[in-house]
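Please keep the sequence and the model in view while reading.

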Amino acid sequence: EISRRIRSFPPRASCSPYTVIAMADEAQDPEIPEVSVIVVAALYKFFAFEEYKGFKEEIQKLCDKNGVKGSLLLAAEGINGTIAGPRRGVDKVVTRIRALEGVGDGLSYKESLMNPDDRPDGAFMRMRVRLKKEIVTMGLPGIDPNKRVGTYVEPRNWNELITRSDVTLVDARNDYEIDIGSFKGAIDPKTKSFREFPRWVEANLDASKHKSVAMFCTGGIRCEKASSLLLEKGFENVYHLKGGILNYLKNVPEEKSTWTGECFVFDKRVAVDHKLQVGSYESCMACGRPLADRDKKHSKFEEGVSCARCYDETTENQKSRFRQRARQKLQLPQHQTNKKKKRDNAPTSHVSGPTSKGNASMCAAKEGNQNPSKRSKVEINSPEEIKANKS
């Protein structure tokens, strides 16, 4: 149907895949304006989701039909993900998710607007819905946010809380995320995946000494689950930032903010600034870690092949394959590159970073459980797509 509608109007010189869908809508209904921005929505909800397996095909088809791309993770404990697309398409998908029994207005939802010119291929390359044991992987089956979690703190009250002398502030994200931005005074656990967080808590926090603990993460899901962990361990006063960093940046004026740097996100934007606009970082095509301009001046950086952080994590054979892939992308026109995507996506050995396979969502939302030092076999897709699918 979308293809038929697209063929009904003259082609334009250049447009994003999201604009193509909007143009199809416009051809069918002249009153619908062409989309000038991409809506990027991060969402999650812990709830008893008994029919999650049966929901996979339905939500995948709904996303595909409405030009929505990204990643959604479904599990018995809930739903988590990040999606992007035209306004009408995103709204339809979110409306269906809210209609699930146990979700409704309780869905944690944050959105930002992205200029298609910033990333012509969009925030994601495709839509993937995946079934998981957990919607954010901690690896401890007994931790259930559906039973109890810590105290939610609204962004407007966050600064007052974290500046108290009796509060221990913990960043619940991974090291590569914290490297580019965090709240002033926050403890960096130096974890490479969320699975490592419980061990860090065991070794570094003491319920008898740390009477009040405040935690935060990108969109709120990791610190919500972490709060459940701390309560199980006997901590009395456990707080977490409602809606995460993205909600804070949206609602707290920059002049009153205690946030420094940029916020890592699990899509092609790589990072966003305080205005939730595309930040100054790019993604290493080999490992997916964020790169600043200074990182590209390092002797171990090679475009499409390695950065200083992952250079020693890949073999020469892997580097040779990455060079070949990079040359193909530079030489081929875009339409030919798309034709080769199936071959380029053939499974092969790949260094895993924020792009690691086998862990739960990065984005989505998928907030990341990735281990940049662990190697595994993954698809050679773009790092941004793999990140979004693992968050």
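A charge sits over a ring if NZ of Lys or CZ of Arg is within 6 Å of the ring centre and within 35 degrees of the ring normal. In this structure, which is a predicted model, R98 lies over the face of Y109, at 5.5 Å from the ring centre, and the charged end of K319 sits over the ring of Y311, 4.4 Å from its centre.

| Charged residue | Ring | Distance to ring centre |
|---|---|---|
| R98 | Y109 | 5.5 Å |
| K319 | Y311 | 4.4 Å |

In one of them, the ring centres of W158 and F183 are 5.9 Å apart with the planes at 55°, so the pair counts as tilted. Because W158 belongs to helix α5 (residues 155-162) and F183 to strand β8 (residues 181-183), this pair ties together parts that are 25 residues apart in sequence.

The cysteines remain to be considered. Why does the structure hold zero disulfides? A disulfide is a covalent bond between the sulfur atoms of two cysteines, and the cut-off applied here is a pair of sulfur atoms within 2.5 Å. The sulfur of C307 has its closest cysteine sulfur in C310, at 3.7 Å, which is too far for a bond. C307 is buried, with a relative accessible area of 1%, and C310 also counts as buried, at 0% relative accessibility.

Key. Residues numbered from 1 in each chain as written. Predicted model: local features only at pLDDT ≥ 70, side-chain atom pairs only at ≥ 80, totals over all residues. Heavy atoms only, no water. Buried < 20%, exposed > 50% of the residue type's maximum accessible area, 1.4 Å probe, protein only. Phe/Tyr/Trp six-rings, centres within 6.5 Å; stacked < 30°, edge-to-face > 60°. Helix = DSSP H or I, 4+ residues; strand = E, 2+ residues; numbered from the N terminus.
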